[in-house]
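Biologist: I have a model open and would like to go through it. Can you take my questions as they come?

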Amino acid sequence: GGNPTATVIALCSMRDFNLAQETCQLAIRDIGCLEVLINLLDTEEIKCQIGSLKILKEISQNTLIRHAIADLGGLEIMVKILDSPDKDLKCLAAETIANVARFKQARRTVRQHGGIKRLVGLLECNSVGSTSLTSYQAKDTEIARCGALALWSCSKSTKNKEAIRKAGGIPLLARWLKCSHANILTPVVGTLQECASEPSYRLAIRTEGMIENLVKNLSSEHEELQMHCASAIFKCAEDKETRDLVRQHGGLEPLSVLLGNSENKQLLAAVTGAIWKCAISGENVSKFRECKAVEALVGLLTDQPEEVLVNIVGALAECCQEPINRTTVRKCGGIPTLVKLLTGTDQALLVNVTKAVGACATEPENMMIIDRLDGVRLLWSLLKNPNPDVQASAAWAICPCIANAKDAGEMVRSFVGGLELIVNLLKSKNKEVLASVCAAITNIAKDEENLAVITDHGVVPLLSKLANTNNDKLRRHLAEAISNCCMWGSNRITFGQTKAVAPLVRYLKSKDPSVHRATAQALYQLSEDPNNCITMHENGVVKLLLAMVGSTDETLQEAAAGCIANIRRLALATEKAKYG
C-alpha cells in the first residue's frame with residue numbers, strides 16, 4: 001500500500017499463519033501475493049525485504065511455489081541481494097535460493113546471473129575453526145552456513161560444480177570442513193560429496209587434506225553428517241591414494257562400527273558403499289577383517305533396499321579376495337544368500353554378486369555348497385543377460401567354479417546348450433566379455449569331451465578371428481585358450497589355416513610378462529605342426545623367444561625352449577631330406 005511500516009506490519013501478520021501448511025502456501029500463490037512479495041525484494045526498504053524473504057523462505061519448501069518464484073524472476077533479484085551489506089538479508093536470500101534451486105532450470109538461472117560466485121563469496125570469513133564465537137563471528141558463520149546450503153542445492157548440476165571450482169570454492173569448503181559446528185559442516189560436506197562425482201574435486205579432497213576431517217566426522221553424533229562423510233568417501237575411494245589415506249587416518253574402524261546402525265537406510269547405503277570401495281585395497285581388507293566387518297556385512301544381506309545390497313555384495317566380493325574371509329562368509333551362512341541373489345534382475349547387483357560367488361568358489365568347500373544350490377547353472381544362465389558387464393562378470397565367476405568342482409567336465413556337459421552359448425559369446429564386441437569367455441574356454445578345454453564339443457561349435461576359427469588385438473588382458477586369455485584348444489584332433493593345423501599364428505608372434509613384444517608366458521605356451525603347442533613352425537620362423541619368432549629362454553619364470557623358459565626346439569628339429573629334418 002505504499003507505506004513501509006504498514007507493509008512490515010502486514011508481513012508480520014502473515015507470519016502468524018502456519019506457513020509450513022500447504023493450504024497457506026498455495027493460498028499465498030493463488031491470491032497473487034507471490035508477485036507482491038517478489039516486488040518487495042526490489043525495494044530499498046530493508047525491513048520489507050527481510051519480511052518478504054522470511055515468508056518466501058518458509059513457503060519455498062513447496063515444489064509448486066519454487067517453480068512460481070523462479071517463473072516470476074525471484075531468483076535474479078535474490079542473487080543481487082547477496083551483494084547487500086546487511087548480513088540478515090544475505091542469509092535469508094541464500095537460504096531461499098537453497099530452497100528454490102532444487103530443480104534444473106533454477107540452478108541454471110542462479111549460475112547465469114553470477115550467483116555461484118556470490119555464494120562462494122559468502123564462505124569467506126575469519127571465524128573458521130573458532131570454538132567459542134563472538135556474536136560478530138557467529139553471524140559470519142551463519143552467512144557461510146546459508147551460502148553452503150545454497151551451493152549444496154546448486155551443486156547437483158555439473159556446470160555448477162565447475163563454476164564453484166572456478167570461483168575458488170574448494171579451498172573455502174576445505175577450511176570450513178575443519179570447524180566443529182555440525183550445522184555448517186552438514187551443508188559443506190553435502191556440497192563436497194555432491195561434487196565428488198567430478199575427478200577435479202576428488203583430487204582436491206585427497207590433496208588438500210580433507211580426508212582426515214571426513215574421517216573425523218564419521219564419529220559425529222549427527223547421522224546426516226555421518227552419511228554425507230561416508231558418501232564422499234564412497235565416491236573418492238575409487239582412487240588408491242584416497243583408500244590409503246582413509247586407512248591411515250583411522251577411517252576403517254568407524255565405518256565398520258556404523259554397520260551396526262542398520263535402521264537408517266540412507267546412512268547404511270553410504271557406509272556400505274564406502275566400505276566396498278575401500279576394500280579394493282588388500283591392506284584395508286585385513287583391517288576390515290580385524291573389525292569383524294565381514295560378519296556384519298553377511299548379517300545385513302537380507303531385507304535391504306537394492307542400493308544397499310549392491311554395496312554390501314560389492315564389499316563382500318572385494319573382501320573375499322582374501323582366503324580367510326571366504327571361509328568366514330561360509331561359516332556365517334552367506335553363500336546360500338549370495339547364490340539366491342543370482343536370480344535377481346538389478347544389473348549392478350548381478351555384476352557384484354557374480355564376482356562374490358566367483359571369489360567364494362576358489363575354496364573347494366564353498367564350491368560344494370554353490371554346486372549343491374545349482375549356483376553354476378545360475379551363473380551360466382547369466383551369460384544370456386543382455387548387459388555385457390553381467391556377461392563378463394558371470395564368465396569370470398564360472399572359471400573358478402570349473403577349476404574347483406569335483407567332476408567339472410560332467411557338470412559342464414549337464415547344461416543343455418551351455419557350451420554353444422559360451423562359444424557364441426566369442427562374437428561379442430566387448431573386450432572384457434571376450435577376455436572372460438576366453439578364460440572360461442581355457443578351463444572348459446581341460447576336459448577332452450567338452451573340448452571336442454566346443455571344437456564342433458567352431459571355437460577354433462572364432463578364437464583365430466580375435467588374434468589381431470592390442471588389448472593385453474584379452475591377448476593373455478586368448479593365448480591360454482588357444483594353447484588348451486590345441487589338444488584336440490587337428491585343431492593345431494586349423495589355427496594355422498585360420499591365420500592365428502603370425503599375430504601371436506607379435507604378442508611377444510608386449511610389455512606384460514603374463515602375456516609372454518601364455519603366448520610362449522600357445523606357440524609351443526602350435527609348433528607341433530610343421531606349417532606353423534614355418535609361419536613362426538618367417539615372422540621372426542626365434543629371436544624373440546631366445547631372449548625368453550633366459551627368463552626367471554620357469555614355465556615361460558620351458559615353453560620358449562620347447563618351441564625353438566620344434567622349429568630347429570623341423571629345420572634339421574628339412575636339411576636332411578634336401579641334402580641326405
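Biologist: Which helix does Ile 534 lie in?
Modeller: Ile 534 is in helix H38, residues 530-538. Helices are DSSP runs of H or I with at least four residues, strands are runs of E with at least two, and both are numbered from the N terminus. This is a predicted model, where local features need pLDDT of at least 70 and side-chain atom pairs count only at pLDDT 80 or more, while totals for chains, interfaces and linings use all residues. Residues are numbered from 1 along each chain as its sequence is written, and side-chain values use heavy atoms, leaving out hydrogens and water.

Biologist: Switching to Glu 318. Where does it sit?
Modeller: Glu 318 belongs to helix H22, which runs over residues 306-319.

Biologist: Why does Glu 318 count as buried?
Modeller: Because its relative accessible area is 12%.

Biologist: What does Glu 318 touch?
Modeller: Leaving aside residues up to four places away in sequence, Glu 318 touches Trp 276, Ala 279, Ile 280, Val 285 and Lys 355. Contact here means heavy atoms within 4.5 Å.

Biologist: Now the whole chain. How many helices and strands?
Modeller: There are 40 helices and 0 strands.

Biologist: What is the radius of gyration, next to that of a compact globule?
Modeller: The chain has 32 Å, whereas a compact globule of 580 residues would be near 25 Å. The radius is taken over C-alpha atoms, and the globule rule is 2.2 Å times the number of residues to the power 0.38. Along its principal axes, the C-alpha trace spans about 120 × 50 × 45 Å.

Biologist: What share of the residues is buried?
Modeller: Of the 580 residues, 55% count as buried.

Biologist: How much helix is in residues 73-115?
Modeller: That span is 74% helix and 0% strand, with its end C-alpha atoms 14 Å apart. Residues 417-459 are 72% helix and 0% strand, and the end C-alpha atoms lie 14 Å apart.

How values were computed:
Buried < 20%, exposed > 50% of the residue type's maximum accessible area, 1.4 Å probe, protein only.
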